[in-house]
Each structure stands twice: as C-alpha cells, then as structure tokens.
Amino acid sequence: MPIQIIWGNDINACNKFIQQIIDQKVSKTWVEINVSFLNGDEENQIKQAFDEILTPPLGEGSRVVILKNNPMFTNNNEEIRVKFEKIYQNIPNDTYFILQNTKKPDSRLKSSKFIQNLIKQDLAIENSFSLPDIWDYEGQKRYIEGTANSMNIQLGKGAAELILDSIGNDSFNLMSELAKAKIYLSASNNDKNKEVMLKSDDVKKIFNDHQSNIFKIIDHLFQENINESLLEIHYLLKKGEPPLRLNAGLISQIRMHTIVKLIYKSGEQDLSKICKIANISNPKRIFFIRKKVNNTSSDFLIKLMSNLLDIESSLKKGNNPIHVFTENLIKLS
C-alpha cells in the first residue's frame with residue numbers, strides 16, 4: 001500500500017513529482033481509468049478517494065489516486081481520521097494513494113501522528129517541495145543555483161541575482177527560462193550535452209521579463225535609493241497592482257522592520273518578545289530583518305512610515321497614484 005505524503009508551496013515541483021509516479025506506475029493504456037485527481041476541499045470527493053484506493057486497478061499496471069488539498073494532516077476531522085485508520089491496511093499493493101497539501105502536516109493532530117507512524121514503519125513516504133520565503137534573499141539565490149545545477153547549468157558570478165530580479169524563484173518560470181537559456185547556449189557552442197555556463201551578460205540577453213515586488217521596493221527604500229524604488233512602484237502600478245494594496249503591503253513591512261530596529265536599539269534581545277511585539281510568526285526572520293535595516297537610521301524609518309501613511313490618506317481621496325507616490329517619497333531624498 002504505497003502511501004505518498006506530499007506537501008509544500010512549490011506546486012510545479014509537486015505536480016512534476018506526481019506525474020513521474022503516474023508515468024512510472026500506471027499503464028498508458030489504462031491511465032484514464034486508473035488515475036484519479038480529487039479535491040480534499042469537497043467532502044464527497046474525500047469519500048470517493050477512500051472508495052477508489054480500495055479498488056484494485058483495472059488491466060495492467062497500478063492505480064494512482066491523488067487527493068489534493070487533503071485535510072488529513074491539516075484539519076482536526078475525527079471522522080476522516082478514524083475511517084482512514086480502518087481502511088488503510090486494505091489498500092491493494094498496486095494502488096498508490098497520494099495525499100497532497102501546500103501546508104506542512106500539523107504535528108499536533110492525531111491524523112498526522114498516525115501518518116508519521118506509517119512513515120516510520122515504511123508504509124508511507126513523505127516528500128516536501130517548498131520555495132524559499134520571498135524575504136529570504138540568500139535562500140532564493142541558493143534555490144536558483146540548485147535548480148540550474150540540476151539542469152547541468154553552471155551560473156557565473158552575479159547570474160543568480162539577475163535571474164532573481166528578472167523572474168523570481170517561481171519554479172515553473174525558472175525551469176522554462178533556464179531550459180531556453182541552455183538551448184540557446186548549447187546551440188552557440190554546437191554541443192547539446194556539455195554543461196553550459198550561464199553568465200550575467202547571457203541572462204541580460206535571454207531573460208526578458210522584469211519582476212517587481214514590494215520586497216525589492218523596500219530594499220531600495222532602505223538604501224535610500226528613492227529613484228529606483230519609484231521605478232519599481234511605477235512598474236507595478238502600470239501592471240495593474242491596486243495602489244492601496246501596494247501601499248498597505250509597504251506599510252505592513254516597513255512597520256515590522258521599524259519596530260525590530262527600535263526594539264533592538266532599546267537593548268531588548270528576547271526573540272519571543274520581539275516576535276510578539278512586531279507580530280512576526282517565524283523567529284528566524286528576525287535575523288534577515290536586522291540585516292536589512294542595519295545601516296538604516298531609525299529616524300529615516302520613522303519618516304518613511306509617516307510618508308506612507310500620508311500616501312494612504314491621499315490615495316483614499318482619489319488622487320493619481322503615480323503622482324501621490326512620487327510626491328511623497330521624493331521628500332525622502
């Protein structure tokens with residue numbers, strides 16, 4: 001009874017892994033009958049999944065039942081847990097049950113504890129596919145470098161940073177763009193099998209997209225590079241980003257960074273207290289926040305917060321968003 005536990009926010013990687021299982025285990029002749037994609041948000045589909053995993057595959061090969069958004073290790077549903085514990089031993093050896101969710105299993109739940117016991121007994125296998133947090137710049141760079149390495153692409157100095165600025169670490173776009181770059185460079189070198197070197201200049205030629213987000217804007221603001229921050233803001237506004245939502249995101253992040261800066265300046269070192277005051281759920285993030293505001297003065301952060309609040313007030317009055325952001329942030333120069 002091969003039970004697969006798959007979780008993580010890298011949906012592309014999860015889907016690719018599931019497809020590999022299907023390609024390896026299910027007969028192409030019987031794939032339409034022996035593969036089921038079901039949604040754990042629907043109670044009737046959970047029941048259908050439990051019925052199907054007890055049904056042997058038709059024809060040759062295996063059966064694969066995928067329950068996406070499964071509630072078994074994220075929600076405290078006793079009825080589902082009890083039923084699964086009653087039937088799991090009856091799953092045929094040639095049926096694969098894939099439990100998928102973007103969230104990590106909640107270790108406090110009885111269903112998660114039960115699944116962990118199955119993993120210890122080698123009756124279930126757990127795989128996680130998670131993207132680095134958007135605020136974890138170094139983690140995102142390592143992810144890009146690791147993805148490139150898995151595709152036999154060596155990144156030159158500064159290439160990972162340029163790729164991150166261009167398309168971020170969205171795994172689908174990243175792999176698509178890297179594959180395109182590899183074809184281009186292999187053709188240039190007349191060698192499709194050799195490992196290719198992707199240099200900074202190549203990224204500028206091949207990667208045409210431009211990605212902007214509030215974290216890039218915040219980085220420019222902390223460096224007091226107001227002109228660059230305004231260029232990123234204008235780019236997002238032209239792409240259709242709602243001005244109030246953009247400003248609300250900036251206020252939320254700047255407030256958090258300002259609080260951390262002021263608390264540490266006061267001498268407080270207790271991470272749990274700092275997280276509580278700054279409303280930060282992950283203590284590891286404190287390190288990255290401190291690093292970002294290390295060279296930014298408290299006075300500048302407070303002034304920046306004040307200007308963002310003025311922007312909010314002006315936007316709510318219906319003023320032109322580009323003019324509002326420009327007029328208020330340029331005062332920081």
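Residues are numbered from 1 along each chain as its sequence is written, and side-chain values use heavy atoms, with hydrogens and water left out. Because the model is predicted, local features need pLDDT of at least 70 and side-chain atom pairs count only at pLDDT 80 or more, whereas totals for chains, interfaces and linings use all residues.

Asn279 has a positive phi of about 60° although it is not a glycine, and it lies in the loop between helix 13 (271-278) and helix 14 (285-293); here helices (H or I, at least four residues) and strands (E, at least two) are DSSP runs, numbered from the N terminus. A positive phi, near 55°, is also found for Glu224, again a residue other than glycine. Glu224 is placed in the loop that joins helix 10 (214-222) to helix 11 (226-238), and with a relative accessible area of 44% it is partly exposed.

The strands form an open sheet of five members in the order 2-3-4-1-5, with parallel pairing, two strands being paired if DSSP finds at least two bridges between them. Strand 2 (35-39) and strand 5 (124-128) stand at the edges with a single partner strand each, so one side of each has no neighbour in the sheet. On average, neighbouring strands of this sheet are turned by 15° against each other, direction ignored; axes are lines fitted to C-alpha atoms, for helices over the stretch in contact, and angles run from 0 to 180 degrees between N-to-C directions.

Strand 2 pairs with strand 3 (residues 63-68) in the parallel sense over five bridges, and Leu38 has Leu67 of strand 3 as its bridge partner. Helix 1 (residues 11-25) packs on the sheet, where it touches strand 1 (3-7), strand 2, strand 3, strand 4 (95-101) and strand 5, and its direction makes about 175° with that of strand 4; contact means heavy atoms within 4.5 Å. Helix 3 (residues 43-53) also packs on the sheet, touching strand 2, strand 3 and strand 4, with its direction at about 160° to that of strand 3.

Strand 4 is joined to strand 3 by five bridges, the two running parallel, and strand 1 pairs with strand 4 in the parallel sense, also over five bridges. Phe97 of strand 4 is the bridge partner of Val65 and stands opposite Ile3. Seven of the seven residues of strand 4 are buried, so this strand is largely enclosed by the rest of the structure. Both of its faces are covered, with Thr95, Phe97, Leu99 and Asn101 buried on one side and Tyr96, Ile98 and Gln100 buried on the other.

Phe97 belongs to one aromatic cluster together with Phe50, Phe84, Tyr88 and Phe114. Rings of Phe, Tyr and Trp (its six-membered ring) pair if their centres lie within 6.5 Å, and planes under 30 degrees apart count as stacked, over 60 as edge-to-face and the rest as tilted; by this rule the count comes to eight aromatic pairs. The pair of Phe84 and Tyr88 is tilted, because the ring centres are 6.3 Å apart and the planes stand at 35°. Phe84 counts as buried at 1% relative accessibility, and Tyr88 counts as buried at 10%. Tyr88 and Phe114 form an edge-to-face aromatic pair, with 5.2 Å from centre to centre and 80° between the planes. Since Tyr88 lies in the loop between helix 4 (78-87) and strand 4, and Phe114 in helix 5 (residues 110-120), this pair ties together parts that are 26 residues apart in sequence. Phe114 is buried, with a relative accessible area of 16%.

Elsewhere, the charged end of Arg290 sits over the ring of Tyr264, 3.7 Å from its centre, under a rule that asks for NZ of Lys or CZ of Arg within 6 Å of the ring centre and within 35 degrees of the ring normal. With a disulfide taken as a pair of cysteine sulfur atoms within 2.5 Å, the count comes to zero disulfides. Among the cysteines, Cys14 is buried with a relative accessible area of 0%, and Cys275 is buried with one of 8%.

Key. Buried means under 20% relative accessible area, exposed over 50%, partly exposed in between (1.4 Å probe, protein chains only).
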